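Grab the viewer and follow along.

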Amino acid sequence: MIYHIRHVTKLTYASPVANARFNVRLVPRLWDGQIMRDHTLRMIPEPTINSTRTGPYWVNTRHIGFEQPIGNLEIASDFTIELPPIAPINDDEPIEQVRAGAVEERDLSERSPAPYLFASRIAVMSDAIAQWGAQHLGKSPHIIASVSLLMEAIHSEFTYAPGKTTFDTAPDEAFAARHGVCQDFTHVMITALRSYGLPAAYVSGYLRTLPPPGKEKLVGADAMHAWVSVWCGKRIGWVGFDPTNNCLTREDHIPIGMGRDYADVSPLDGTFIGSAPQKMATAVDVTPLD
């Protein structure tokens with residue numbers, strides 16, 4: 001599949017703010033077989049500081065800064081990406097073998113399972129989630145079958161409810177309420193998996209959405225999406241699970257980056273000097289080209 005993605009973010013401040021610094025994570029970090037055909041990242045006004053870095057997680061970060069006060073900022077990311085076909089997984093690994101292998105793994109690269117075994121800034125450990133998750137993960141002796149059962153439980157037991165949570169809602173809170181959005185479902189699933197000794201990562205990206213039959217695609221109807229990537233042993237590697245849609249990831253899932261939780265891959269974060277309230281508006285369009 002070939003997609004064109006346009007992602008526009010507009011920040012407006014009630015009064016100008018000084019020394020604004022931002023981390024922008026909107027340039028895809030390519031996985032195996034993915035091809036970036038083009039990419040532009042436009043910012044109005046132009047930043048004084050503009051540098052790119054990678055690591056320690058699988059994400060590209062553009063660091064921008066402004067020496068002059070700013071009252072608004074517009075960031076537009078446009079890119080065309082080609083995703084290879086995802087082959088069906090017709091095999092599985094014993095879950096105990098994967099757990100043991102993750103602890104013994106000595107790889108310290110950005111795609112190593114090691115950083116994804118432990119608690120992180122948002123995906124903190126939770127006894128309640130650990131006990132609940134173990135009930136589902138223990139139903140099958142194999143890794144993909146077990147994780148699929150956990151994913152199915154989240155999909156069936158939780159209600160998709162936009163506006164009920166925020167970007168920093170703790171997994172425990174979303175779990176207790178049994179509602180949230182893709183970010184919350186991903187954090188809950190990650191917490192359950194790590195509690196069971198399985199490496200689990202947060203993937204930020206886009207999801208192709210299809211309009212109803214006979215209807216045109218609405219401008220801005222798409223949005224950023226989140227799902228879980230699970231290390232399923234050396235032989236199988238990382239596999240994507242989407243608890244919001246109860247499916248393995250496929251060509252409709254367009255990844256941007258992978259980290260321990262949302263904080264590592266958020267599209268935009270930063271600081272400034274001042275106390276002015278801000279407003280942020282985002283519009284995303286995902287257009288298939290083939």
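Buried means under 20% relative accessible area, exposed over 50%, and partly exposed in between (1.4 Å probe, protein chains only). The model is predicted, so to speak of local features pLDDT must be at least 70, side-chain atom pairs count only at pLDDT 80 or more, and totals for chains, interfaces and linings use all residues. Residues are numbered from 1 along each chain as its sequence is written, and side-chain values use heavy atoms, with hydrogens and water left out.

**Exercise 1.** Work out whether Gln-131 is buried or exposed.

Start by finding Gln-131 in helix α2 (helices are DSSP runs of H or I, at least four residues, numbered from the N terminus). Its relative accessible area is 56%, so Gln-131 is exposed. Now look across to Ala-192: 61 residues away along the chain, its C-alpha atom is 8.1 Å from that of Gln-131.

**Exercise 2.** Describe the surroundings of Ser-126.

Next, check accessibility: at 5%, Ser-126 counts as buried. Then list its contacts (heavy atoms within 4.5 Å): leaving aside neighbours within four places in sequence, they're Asp-172, Thr-191 and Ser-195.

**Exercise 3.** How do the axes of α2 and α5 cross?

Take the axes, lines fitted to C-alpha atoms over the stretch in contact, with angles from 0 to 180 degrees between N-to-C directions. Those of α2 and α5 (residues 182-195) come within 8 Å and cross at roughly 75 degrees. So α2 is roughly perpendicular to α5 (65 to 115 degrees).

How values were computed
Helices (H or I, at least four residues) and strands (E, at least two) are DSSP runs, numbered from the N terminus. Angles under 35 degrees count as roughly parallel, over 145 as roughly antiparallel, 65 to 115 as roughly perpendicular and the rest as oblique.
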